[in-house]
Structures are given as structure tokens and as C-alpha cells.
Amino acid sequence: MCVTTTPGPHTLGKIVNARKNMSNEDYQELEALARRGRWLAISTVAGSGAGHVGGPFSAMDIMVALYFRVMNIKPDEPGWAERDRFILSKGHSSIGQYVVMALRGFLPVEELKTFDKGGSRLQGHPDVTRLPGLETSTGSLGQGLSVGLGIALGARMRSQKFHTFVMIGDGELQEGMIWEALHIAPRYKLGNLTAILDWNGLQQFGWVLAINEPHRGDRRDPWSGIDLRGIFEKLGWRCIEVNGHDFSQIVPALESVKASGNSDQPTMIIAHTIKGKGVQFTEGKHEWHSKVATKEELRIIAQQLDIKEALV
Ligand SMILES: Cc1ncc(C[n+]2csc(CCOP(=O)(O)OP(=O)(O)O)c2C)c(N)n1
Ligand SMILES: [Mg+2]
């Protein structure tokens, strides 16, 4: 029989907070970018009247690290053949990727205002036919790791040196197609492929056993009490666990997998994260999976993120 688990960030016990491997200035610069990214994400969603918040906030620090420190990319030449590839398989967090790409110079920050509008390059879920810099369309959960695997395999066959990163959600990890890719990547010895698991313990509907809505089933973290690391390792993945909100752990982990791109083992970075991270009242709250902030909430959020100017 299934039982519900205690609410809240399930993995905090495992998170190490030591700031090493990085200067304070470096850390603070990345932190400021992530705060600005979170503000742009939540204010853009508010301006558009729809979109996701919890997932983008959970993934923000990792995406900032990838785009600003780790990936070899040229914002003014998004199709550059040697670029490192990033696929946001949990495509509902698109606004997070768009704001990081805007801050990095792939598109004007002003363009964020078109988010989720008809004709916009910034669709609610990433559309590769519209926005240069995306590697594939995502949003139907479960597909991105297989696409990334194909890209990494193609790179190996052509002796191309770039690295492919794919971020998946912990809810998304329930999709069967992800497990097909998890089985196959080690067999192809794809050291040039890194999956990043955004393990925030929450999906769309939270923790409460849905007594009045039995058709929705048990809403607990599906991986609660499961040794995911052990499973990934048995399948042949090298695993690194990080606090997904500590740049001094994220950046070295991502850099180390790039450095070992020639190895014969794909890597799984297990990122322990908090859904809605960055704003007190959104952290760990499934209600903020996709919610539009009110004007009053935006005012408080701007304060908490230390954002001086009102952008909406
Ligand atoms: C195939 C598929 N089924 C369902 C959905 C609807 N959906 C969007 S987000 C989401 C929850 C995803 O949870 P998780 O992967 O943990 O993402 P995060 O917590 O980072 O938001 C669901 C069920 C979808 N987009 N695709
Ligand atoms: Mg999740």
C-alpha cells in the first residue's frame, strides 16, 4: 500500500553547503544573474498571464552555470557547429531557459514580453522551429534524453568534440522513454553526454493523497526512498550529486564532465533542488508549479530577489 511522505524539500539532509572551489566574486556574480533570471521569469509569466514558475526557479542556477560558465557557445552565432548542446527536456520550464538565453545575449530581454503569445519565438514550450539556439522542441515530457543521446552519438561518429547536456525533471523521470535512453547511453559509451536530474521532489500537484480525487492517485515524490544513484550506477552511468543551488558545487561538476568528454561513461548529475527556489513563499509549494503572481506578490518578490526596478 502507498503512503504519503512528509512535505518539504526531501533531500536537504544530503545537501552540503560548503563554498569551495570558487571565489566570492564569481559566486556573487552568478547569484545576481540567477536572482535577475528568477525575477524576469516570474514577471514575464505575470505579464503574459500564464506560464510556469516552480520548475524554472528550481532549474535556474544550473542553467545560469551552464550558459555563463560551462558551455562553449556563441550567442551571435547560435548554429555554430562546435557549440555545446543543451536540451531542456522538462520543457514546461521554458521561461527559465529563455531568460537565461536573453541575459546571455541570444535574444533581446525586451522580447520576453512576447512570451506565450501567438507568433512569438518564445512559445510556452520550446519550439526549435522558431528560436535559434534551441536544439529540439520539448514539452511533451520524456523525450529530451533520447534526442540528446542521438546528438551525442552523432558527435562521436563524426569525431566532433562538443558536449551534450540534457536536463530532466524528477517527475519526468517516470516516463518510459527516459529509461530507454538510460539503458542505451552507457552501451554506446557516451562520455560526451550528461544528464542533469532536477530532483526537487515535486511535480504538478504536490504531496497530499488526493482522497477526493482518486483518479489523480498518490501525489507523493515517486522516487522517495528509492536509491536512484544506485540504479543509475548499475545501468552504467557515472554519478555526481550536487546541491543544485550552490554554484561552487554546480560549476565544478559541470566542468568535470566536460573535461571527461572522451571517457566511455555518460554522467548523471543528480541535482538536489527545491521547487520554487529563491522566493520564500514559492519554495517547496506545488501550487507555484504554474501560477500567475499578483501585483502585491510581485512587489514582495522583487524585494526578496533584491530587484530595484519594476519590470512589469
Ligand atoms: C508527456 C507529458 N505528460 C504530462 C505533462 C504535463 N506536465 C507538465 S509539467 C508536469 C510535472 C513535471 O514534473 P517534474 O518533471 O518533476 O518537473 P518540475 O518539478 O521541475 O516542474 C506534468 C505532469 C507533459 N507536459 N507531458
Ligand atoms: Mg519535479
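This is a predicted model: local features need pLDDT of at least 70, side-chain atom pairs count only at pLDDT 80 or more; totals for chains, interfaces and linings use all residues.
Residues are numbered from 1 along each chain as its sequence is written, and chains are lettered from A and ligands numbered from 1 in the order in which they are written.

Ligand 1 is surrounded by 17 residues, each with a heavy atom within 4 Å of the ligand. The closest are Lys90, His92, Gly139, Asp170 and Lys275. By class, the shell holds two nonpolar, ten polar and five charged residues; Ala, Val, Leu, Ile, Met, Phe, Trp, Tyr, Cys and Pro count as nonpolar, Asp, Glu, Lys and Arg as charged, and the others, Gly among them, as polar. The table gives polar contacts, pairs of N or O atoms within 3.5 Å.

| Protein atom | Distance to an oxygen atom of ligand 1 |
|---|---|
| His92, polar side-chain atom | 2.7 Å |
| Asn200, polar side-chain atom | 3.0 Å |
| Leu202, backbone N or O atom | 2.8 Å |

Taken alone, ligand 1 exposes 600 Å², of which the protein buries 77%; these areas come from the Shrake-Rupley method with a 1.4 Å probe.

Helices α4 (residues 144-157) and α5 (residues 176-187) have axes that come within 8 Å and cross at roughly 30°. The two helices are therefore roughly parallel to each other, a term for angles under 35 degrees. Their contact (heavy atoms within 4.5 Å) involves Leu145, Ser146 and Leu149 of α4 and, from α5, residues including Met177 and Ile178.

Technical notes. Side-chain values use heavy atoms; hydrogens and water are left out. A polar contact is a pair of N or O atoms within 3.5 Å; within protein, one must be able to donate a hydrogen and the other to accept it, and residues adjacent in sequence count only if both atoms are side-chain atoms. Axes are lines fitted to C-alpha atoms, for helices over the stretch in contact, and angles run from 0 to 180 degrees between N-to-C directions. Helices (H or I, at least four residues) and strands (E, at least two) are DSSP runs, numbered from the N terminus. Angles under 35 degrees count as roughly parallel, over 145 as roughly antiparallel, 65 to 115 as roughly perpendicular and the rest as oblique.
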